[in-house]
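Subject: Structure handover

Hello,

Here is the structure we discussed. My notes follow below it; please read them with the model open.

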Amino acid sequence: MAEDGAILGTTGDGEVWRLVENAPRLLASTAYAESGAVNCLARDRQGRVWAGTDRGLAAWDGAGFVPVATDPGGDATAPQRAIAIMPVSDGGLWVLFEGALRKYRAGSWTTTATGWSDRLEAAVSPRRRMVHADDRAGGVWISTDGEGLWHVTADGRLVEATADPDFPRWRIACMETDAEGNLWLGLDLRGLVRVRPRPFQAVVGDDGLPIATLSVCEDAAGTIWLTGPGGSLSKIVAGAVQPVASPVSSELSSSLVAPARAGGIWLAVQFTELYRQEDEQRRVILPMSVCRDVARVLHEDEAGRLWVGNEYGFWKWQDGHVAVVGPEAGFEPVSVGPTGQALTPAVEALADDGAGGLWIGLSQGELRHRDAEGRFTRHRPAWLQDDIRFSTLLPDGRGGVWIGTYNRGLVHFRDGVFRRVTEADGLIDDTVCQLLDDGRGYLWLGTFGGIVRIAHADLEAFFTGRSSRLQCRRFGRAAGLPVAQCAWGQQSLCLKARDGRLWFLTTGGLVVVDPASISEDQLPQPVVIEQVRVGGRAVLGERPLPLRLAPQERTASFEFASLSLAVPESARYRWRMAGLDRGWIEGGNSRTATYNQLPPGSYTFEVSSANEDGRWSDTSGRLPIVVEPFYWETAWFRGLSMLGAVMASAGIALAVIRRRTRRRLDLLERQGAVERERIRIARDLHDDLGASLTEIDLLGALAERSGPTSPEVADRLRSLRDKARDSVMSLDEIVWAVNPRNDTLGAVADYLGSFAQQFFSATGTRCRLDIEPEPRDLPVESEVRHALFLAFKEAVNNVARHARAEECRISLAARDGELTIRVGDDGCGFDQTAAGFVPGEGLRNIRERLAAVGGWQRIESAPGRGTTIVLGHPLERRGGPRLFASSAGHGTMQRAT
C-alpha cells in the first residue's frame with residue numbers, strides 16, 4: 001500500500017498493477033521506464049514504497065519509480081539487479097542484489113554484508129523461494145530453500161544459524177520476530193520453532209566441543225591465552241582456538257596463567273615449574289617446589305614484581321630472586337576462632353590498587369592492603385565468620401575494592417567500611433567467584449547461579465538506603481552458557497579484553513560476551529492468571545467473576561504465568577491478596593500461590609512479574625474473589641451474638657447487683673440490730689448501774705450527815721463517795737463510747753471539750769479550746785472514738801500532773817484527710833534527745849492506743865518552752881473500711897476556762 005492508500009502489486013513479469021475500483025490495472029510502461037522491470041515491492045516503516053528492479057533500487061513517487069544510485073558516490077552508472085527488499089525497524093532497507101547484500105538508510109548506502117557466501121548467492125536466485133524477517137535491531141533474518149537460515153547483523157556480519165547442529169533441518173515456510181527479539185519459524189509440516197538470541201558464545205575447538213580450560217588471561221598485545229590440565233596452552237587467533245603447547249605434567253595437575261607486563265604470559269604448572277611464555281618461546285623461571293608446588297594466584301604488579309599466593313603462604317619474585325613474604329615483612333599470621341589461633345595467611349586473590357599498592361584477599365575472611373612503601377594493613381568486617389573466603393578482587397577505581405566471597409555474597413570495601421549484599425537482598429547467588437567491570441556502568445559477577453549483571457547505580461542506591469532490594473539480571477543456559485555455574489578456586493578465571501568483550505570461565509567451558517550487544521531488557525511482560533484450584537478442582541472457568549468460594553472452600557491455589565516469550569523460565573513473581581496481605585510476597589520462580597484458611601470477605605488476588613533486570617511490571621494480573629462465611633461468621637449472627645452477650649452480661653450484672661444489694665441490706669440490718677443493742681446497753685448502764693452508783697454516793701452523803709462518827713469511818717465514807725463518783729464518770733465515758741448516737745465528729749468534739757473544761761476546772765490551769773468539728777455529722781466508729789478519748793484523757797492528765805503549766809491549749813480540726821487533736825501547754829517541757837530519756841508509761845499508752853486503730857502520735861517539746869502532744873487519725877484507712885464519711889456540716893466551738 002502506497003502513502004496515498006493505493007495498493008500496488010507485481011505480475012511476476014516485471015510489470016506493476018494498481019488496484020482501482022476493486023480491479024487491478026497495469027501501470028503505464030513509463031512508470032518504470034527509468035528503473036527497469038520490477039522484481040519486488042516493499043513498504044518501509046515510514047510508509048514509503050520501494051521497488052527492486054533490474055537496475056537496482058527505486059522509490060515510488062506516486063506516478064512512477066525513481067532509481068536510487070547503487071554506488072557509494074551516488075553515481076547510477078553501475079546498475080545491479082535487486083532481487084529482494086527487506087525493511088527493518090531502524091528505518092533502513094536491506095537490499096539483496098545479485099552477488100551482494102547492502103543496507104540503504106536515510107538516503108545513503110551505509111553497510112555491505114561481509115562474509116558473503118556462494119551458497120547463499122545461489123540460494124537467493126529469483127527462481128527460488130526466500131523469506132525474511134526484521135531482527136528488531138537493524139539486522140535481518142533470511143531463509144532460503146536448501147541453504148537454511150542466515151542472520152545479517154546491523155553492522156553487516158553474516159552468520160549461518162543453521163550451522164548449529166541443534167537447528168531443525170526442515171523447510172521454513174514463514175518467520176517473524178516478536179517484541180522481545182525472539183525469532184519464530186513456521187516449519188513446513190513440522191510446527192513452530194523459537195530461535196532465541198544468545199549473547200554469550202562458547203569457545204569451542206575444531207570438533208565443536210568446549211576447550212578444557214583452567215585459567216584465561218590477555219597479554220599486552222591483546223592475545224587471549226588459555227591453559228588447561230597439566231599446563232596445556234592455547235591462544236585464540238582470529239576467533240579460533242590455536243594450540244600452542246602440550247601438557248608438561250599429569251592431566252590431574254592444575255595450571256595458571258597471568259599476563260606479563262613486558263609481553264607474553266606467566267604460566268605456573270602444579271608440581272613442575274613457573275614459566276615465562278613469549279609467543280612460541282618458553283623459559284623456566286623457578287621450580288614450583290619453592291611455592292609448595294602450587295599457585296592459586298599469579299599477579300605482576302606495576303613495578304614488575306611477580307606475586308605468587310596459595311593456601312600455604314605468599315611469595316615475591318623479582319630480578320631472578322624469590323622471597324617468602326611473612327611476619328618479618330609485616331605480613332602477619334591470621335587469628336581465627338575463639339582462642340585466636342594463629343594461621344598462615346592463605347592468599348586467594350590479588351589486585352592492583354591503582355596507586356602502586358596491592359589488595360590481597362585471604363581465605364580466612366580478611367582483606368589486606370600493601371601500600372607503595374611496602375606497609376601492610378589489615379581489614380576485617382564486623383560480621384566476619386571463620387569460614388568466609390575472599391576469593392576474587394576488583395578495584396572500583398575510587399580507592400575501594402569489590403570482593404567476591406564463597407557463600408557470603410558480594411562485598412564492597414572503601415575508607416574502612418565494609419558493605420555487603422546477599423541473596424536476601426536480591427543477589428542471585430551468594431557465591432561470587434569472578435568479577436568484571438564493563439566500563440558501561442555495570443558490574444558483572446560470575447556466580448554458582450550463572451553470570452549476573454548489576455548496574456552500579458542500583459548498587460549505590462541499595463547501599464545508601466534509597467532502594468530496599470537489589471535489581472539484578474541473570475544470564476544462564478538460555479543466554480548461551482553451557483553450564484549455569486562459573487568456575488572457582490584460582491585466579492584468573494575472567495577478563496575484560498581490550499575490545500571490550502568479557503570472558504568468563506564456567507564449569508562447562510569458556511564463554512565470551514560483548515556487553516554492548518546486551519540490549520536493555522524490555523518492560524516486564526504482563527501476567528495472566530491461568531487457573532484457580534479449590535480442593536484440587538479447577539474452578540476459574542466454571543464460575544463467574546467475582547469468583548465465589550463456599551464457606552468450606554477456604555484453601556485456594558492460584559496458577560499464573562508471565563507472557564514473556566524470551567526467557568520465561570527466568571521470570572520472577574510476586575503476589576498479594578489485597579484486603580488480606582499487608583505487602584507483596586516474593587515467590588521467586590514459583591508460578592503457584594496457595595492461601596490456606598482464607599477468612600470470609602471480598603479480596604483481589606494480584607500477581608506481577610519481574611524481567612531479567614529485576615524490574616517489576618506496573619500492570620498485574622488481578623482476580624476478584626469472595627469467600628462466603630459460615631452462618632456463625634455472618635454480620636447478623638455476630639450482631640445477635642453480641643446482643644445476646646450484652647443481655648447475658650446485663651443479666652449477670654443485675655444478678656450481682658441484686659446479690660450485693662441483698663448483702664448490703666443484710667449488713668445494714670445487722671448493723672442496725674447491733675446499734676439498737678448498743679443503745680439498749682448504754683441505756684441500761686445509765687439507768688440501772690448509773691442510778692445505783694448515784695444512790696451509793698447519796699447514801700454515803702446521808703451517812704456523813706447522820707451524826708458524829710469515828711475518823712476511820714469518816715475516811716471510809718469519803719473513799720466510798722469518791723469511788724462512786726469516779727465510777728459514775730467512768731460509766732459515763734463507757735456509755736458515751738457505746739452509744740451509737742455519738743458516732744459523729746461533732747459528738748467527739750463536744751465530749752472532748754466538755755471533759756477538758758470539767759477536768760481543768762478543779763485545777764489551777766486555764767483551758768483554752770479551739771475546736772472546729774466540721775463536718776459535724778462525719779461518721780466515727782465507736783472503737784476509734786474510745787481510743788481517741790483515752791489518748792486525749794491521758795494527754796490532759798499529763799498536763800495536769802507534770803507540766804506545771806498555767807494554760808492548756810486544746811484544738812481539734814479535720815483537714816487534708818486527717819483528724820488532728822493538739823494538746824499544748826506553757827509548762828516546763830523536756831528534751832526528748834537527752835541521754836537517758838525514756839518516755840513514760842502514759843506516752844507509751846497513747847502511742848499504742850492510737851496505733852491499734854490506725855492513728856499516730858507526735859510530741860513537740862523543749863525545756864522551758866512547754867509541750868504539745870499531737871494526736872492524729874486518717875479520715876479513711878487505705879484498703880480498709882471507711883472510718884469517716886464526708887458530708888455537709890459545720891460548727892465551731894471556742895471556750896476558755
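The axes of helix 5 (residues 745–761) and helix 6 (residues 782–803) come within 11 Å and cross at roughly 25 degrees. Axes here are lines fitted to C-alpha atoms, for helices over the stretch in contact, and angles run from 0 to 180 degrees between N-to-C directions. That crossing angle makes helix 5 roughly parallel to helix 6 (angles under 35 degrees count as roughly parallel, over 145 as roughly antiparallel, 65 to 115 as roughly perpendicular and the rest as oblique). The crossing of helix 5 and helix 6 is right-handed, meaning that the near helix is turned clockwise from the far one by less than a right angle. Helix 5 contributes Val748, Tyr751, Leu752, Phe755, Ala756, Phe759 and Phe760 to the contact. From helix 6 come Arg785, Phe789, Phe792, Lys793, Val796, Asn797, Val799 and Ala800. Contact means heavy atoms within 4.5 Å. By class, the residues of this contact are twelve nonpolar, one polar and two charged (Ala, Val, Leu, Ile, Met, Phe, Trp, Tyr, Cys and Pro count as nonpolar, Asp, Glu, Lys and Arg as charged, and the others, Gly among them, as polar).

The basis: this is a predicted model, where local features need pLDDT of at least 70, side-chain atom pairs count only at pLDDT 80 or more, and totals for chains, interfaces and linings use all residues. Residues are numbered from 1 along each chain as its sequence is written, and side-chain values use heavy atoms, with hydrogens and water left out.

The chain overall: it has seven helices and 62 strands. Helices (H or I, at least four residues) and strands (E, at least two) are DSSP runs, numbered from the N terminus. Of the 897 residues, 47% are buried. Buried means under 20% relative accessible area, exposed over 50%, partly exposed in between (1.4 Å probe, protein chains only). Among contacts with a separation of 6 or more, 53% join residues 24 or more positions apart.

Helix 2 (residues 456–463) buries Leu459, Ala461, Phe462 and Phe463. Those residues pack against five strands, namely strand 39 (401–405), strand 40 (410–414), strand 41 (417–421), strand 43 (442–447) and strand 44 (450–455). Just after helix 2, glycine 465 has a positive phi of about 85 degrees.

Two loop residues next. Serine 363 sits between strand 35 (358–362) and strand 36 (367–370). Serine 363 is buried, because its relative accessibility is 16%. Leaving out residues up to four places away in sequence, serine 363 touches Ala346, Glu348, Ile388, Arg389 and Phe390. Alanine 329 is in the loop between strand 31 (321–324) and strand 32 (334–336). At 36% relative accessibility, alanine 329 counts as partly exposed. With the same exclusion of residues up to four places away, alanine 329 touches Gly374 and Phe376.

Backbone points to check:

- A cis peptide bond joins glutamine 491 and serine 492, with omega about 15 degrees.
- Another cis peptide bond joins leucine 545 and proline 546, with omega about -5 degrees.
- Arginine 292, not a glycine, has a positive phi near 60 degrees. It is partly exposed, at 48% relative accessibility.
- Arginine 804 also has a positive phi, about 50 degrees. It lies in the loop between helix 6 and strand 59 (807–815), and is exposed at 68%.

Best wishes
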